[in-house]
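Visitor: I have a few questions about this chain. Could you take me through them one at a time?

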Amino acid sequence: GSLSGDVRQNKAAVHPGAGTQATLAAQGAINVGGVEVGGTGVFTGGSSSHIDLGYTHIGGRLTFTLWFYALGNAGDNARSWERLMDIGSGAGANNILIARFSTTSRLATTVFSTAGGSYTLLGPSGSFVPGVWAHVSLTIGRSGATLRLNDVAIASKLGNNLMPRVLDRSRFLVGKSWWTVDAMYLGYMRDLRVYVVDLSDAQ
């Protein structure tokens, strides 16, 4: 997808079309406001329908938030590890991702390229289910990382070495994984936001 608007003023929006590069400004946000892919509003599993926000140079304290409405069912091998988002430069190359955990109904996030190595936060059963809008957020700060669903913490990890390193990541994929064996996301998504700060619960 292409990026338009002013990232520094939190006015960026994504539209289907040619790829582009985007560098996130400090405390800026990219807002995917009900973006339609292929004119349907649906990321179709098994196809090339996804959004590529291109290059990013971020790390350290971060917050990712988005709304999603999944259509795939747990237990379906065709939905294994379907991605909501995956930032990186390849499979296992500095990735920050949010996905379905295998073929389960569990939400998961994995962060690579930290001082403490990679780690995964795993939500409970029922945190990735179809047919309902859900709000997910991943907050990474100096004291730890927290995965929230509908503003409730469902997984967390304490530590001062969990922040991803600040470096170039070649592609910011929405609805698609860097791992070719993983499924494309099937469902709706809106209001994807990236903040270069760890937002508090109140925020």
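Visitor: Is Tyr-188 buried, partly exposed or exposed, and what is its relative accessible area?
Guide: This is a predicted model. Tyr-188 lies in strand β15. Buried would need a value under 20%, and exposed a value over 50%. Tyr-188 falls in between, so it counts as partly exposed, with a relative accessible area of 32%.

Visitor: Which residues make the nonpolar surface patch of about 250 Å²?
Guide: Patch residues need over 30% relative accessible area. Tyr-188, at 32%, passes that cut-off. The patch is made by Tyr-188, Leu-71 and Trp-133.

Visitor: Which residue in β10 stands opposite Phe-64?
Guide: Strand β5 covers residues 62-70, and strand β10 covers residues 134-140. The two run antiparallel and are joined by 7 bridges. Opposite Phe-64 stands Leu-138.

Visitor: How many residues of β7 are buried?
Guide: Take its pairings to begin with. β7 pairs with β6 in the antiparallel sense over 4 bridges. It also pairs with strand β8 (residues 107-111), again antiparallel, over 5 bridges. β7 is largely enclosed by the rest of the structure, because the buried count is 5 of the 5 residues.

Visitor: Which residue in β7 stands opposite Met-85?
Guide: β6 and β7 are antiparallel partners. On the β8 side, Ile-96 stands opposite Val-111. Opposite Met-85 stands Ile-98.

Visitor: Which residue takes a positive phi in the hairpin of β7 and β8?
Guide: This hairpin has 6 residues between the strands. The phi in question is near 55 degrees. The residue is Ser-102.

Visitor: What is the N to O distance in the salt bridge between Arg-100 and Glu-82?
Guide: The cut-off for a salt bridge is within 4 Å. The pair links distant parts of the chain, 18 residues apart: Arg-100 in strand β7 (residues 96-100), Glu-82 in the loop between β5 and β6 (83-88). Their side chains meet at 2.9 Å.

Visitor: Is Arg-100 buried or exposed?
Guide: Buried means under 20% relative accessible area. Glu-82, its salt-bridge partner, is buried at 0%. Arg-100 has 0% relative accessibility, so it counts as buried.

Visitor: With which residue does Asp-86 form a salt bridge?
Guide: Asp-86 is buried, with a relative accessible area of 0%. The closest N and O atoms are 3.1 Å apart, and the partner is Arg-83.

Visitor: How many helices and strands are there in the chain?
Guide: The chain has 203 residues, of which 50% count as buried. Its accessible surface comes to about 8,700 Å², with 48% belonging to carbon and sulfur atoms. The count is 0 helices and 15 strands.

Methods
Residues are numbered from 1 along each chain as its sequence is written. This is a predicted model: local features need pLDDT of at least 70, side-chain atom pairs count only at pLDDT 80 or more; totals for chains, interfaces and linings use all residues. Side-chain values use heavy atoms; hydrogens and water are left out. Two strands pair if DSSP finds at least two bridges between them. Buried means under 20% relative accessible area, exposed over 50%, partly exposed in between (1.4 Å probe, protein chains only). Patches are made of residues with over 30% relative accessible area and no salt bridge: like charges are joined within 9 Å, nonpolar side chains (Val, Leu, Ile, Met, Phe, Trp, Tyr) within 5 Å. Accessible areas come from the Shrake-Rupley method with a 1.4 Å probe; for residues, only the protein chains shown count as cover.
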